Amino acid sequence: MAASSLGQTEINWDKLDKSKFYVVGAGIFTGLTVGLYPVSVIKTRLQVATRDSVEKSASSVIRGILKTDGVPGLYRGFGTVITGAVPARIIFLTALETTKVTAFKMVEPFNFSEPTQAALANGIAGMAASLCSQAVFVPIDLISQRLMVQGYSGHEKYNGGLDVARKIIRTDGIRGFYRGFGLSVMTYSPSSAVWWASYGSSQRIIWRLLGQGTDREEAAPSKSTIMLVQATGGIIAGATASCITTPLDTIKTRLQVMGHERRSSARQIVTNLIRDDGWTGFYRGLGPRFVSMSAWGTTMILAYEYLKRLCVKDE
């Protein structure tokens, strides 16, 4: 894509009003989390279901939740997630944008094609951002997932997030909050790298298909065209990342939700999955995860790009 056109579709970190970016961004992403959180609950329940579980499809999980808990059941653990989401999101976005600038400078001398440069720079930035935010995200993820599956398929019941935290400290100490940390890093960092790499490269490819890839001077794309390209890139990125990282996510989720008395190692979880469902067991919850990552990716990237346009500093 010509540099003149590309400059109209991307906004660099140094052009943003950071205070406005963080405050407005917290509100926007909280709203997105409200809308998409139930998909995470469904995905998590499918991943921890045992061989004897009655609910083995997304529709049966939804019916079961609504029957026993009503709509609030789709938001189990939501308060915990929102509490940690704001600091985790700030860390992630700051690391993403600052690393992306450096990464583009690193890959530029290699003279790769533009889609390849975008894939590498965005992939590096996505992985770095995920690594930086895991220290906050993993404990929140662990507590929320235990709340999501409490009372389901034999899992322990809790009286809120604080009760989960107290029981974790009592049995494992502070390090209990980081159970599955290695697998979380192995899941979310590659997932983030794949997502952002796919998003960055697919955008460039789409622009070229739309005739924006020549060196001649071109009119800037309309806002609606930019949003359509960004949304399509988000769908492609979500689909790619979900297909690649779902097996690790299934293992990680099972490892994190098990109580002290039912503790298994990652190797035992792998063995049990293969024994119960064969290799397809690793893709439990793929449908909801695919929907979650694609829907979240599309809405998140549109909101994110809108937020950046909204927070550009006045010249």
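Let's start where helix 4 meets helix 10. From helix 4 come R89, L93, L96 and E97, and from helix 10 come W296, Y304 and K308. Contact here means heavy atoms within 4.5 Å. Helices are DSSP runs of H or I, at least four residues, numbered from the N terminus.

A word on the source. This is a predicted model, where local features need pLDDT of at least 70 and side-chain atom pairs count only at pLDDT 80 or more, while totals for chains, interfaces and linings use all residues. Residues are numbered from 1 along each chain as its sequence is written, and side-chain values use heavy atoms, leaving out hydrogens and water.

Back to the pair. Helix 4 covers residues 78-107, and its axis comes within 14 Å of the axis of helix 10, crossing at roughly 70°. Axes are lines fitted to C-alpha atoms, for helices over the stretch in contact, with angles from 0 to 180 degrees between N-to-C directions. Helix 4 and helix 10 are therefore roughly perpendicular. That label covers 65 to 115 degrees; under 35 is roughly parallel, over 145 roughly antiparallel, and the rest oblique.

Now, which residues touch the most other members of the largest nonpolar core? They are F21, F29, L93, L96, W195, W196 and Y304, out of 24 residues. Such a core is a set of buried Ala, Val, Leu, Ile, Met, Phe, Trp, Tyr and Cys residues joined through side-chain atoms within 4.5 Å. Buried means under 20% relative accessible area, with a 1.4 Å probe and protein chains only; exposed is over 50%, partly exposed in between.

Which helix gives this core its largest share? Helix 10, with 6 residues.

Look at L96. Beyond its neighbours within four places in sequence, L96 contacts A125, G126, A129, W196 and Y304.

Next, T298, also in helix 10. T298 counts as buried, because its relative accessibility is 14%. Leaving out residues up to four places away in sequence, T298 touches A231, G234 and I235.

One more partner for helix 10, residues 286-310: helix 2, residues 18-48. Their axes come within 10 Å and cross at roughly 175°. So helix 2 runs roughly antiparallel to helix 10.

Last, a record. An unreviewed UniProt entry lists residues 21-39 as "transmembrane region". In the model, that span is 100% helix, and its end C-alpha atoms lie 27 Å apart.

Conventions. Helix = DSSP H or I, 4+ residues; strand = E, 2+ residues; numbered from the N terminus. UniProt positions renumbered as here; feature names shortened; annotations may be inferred.
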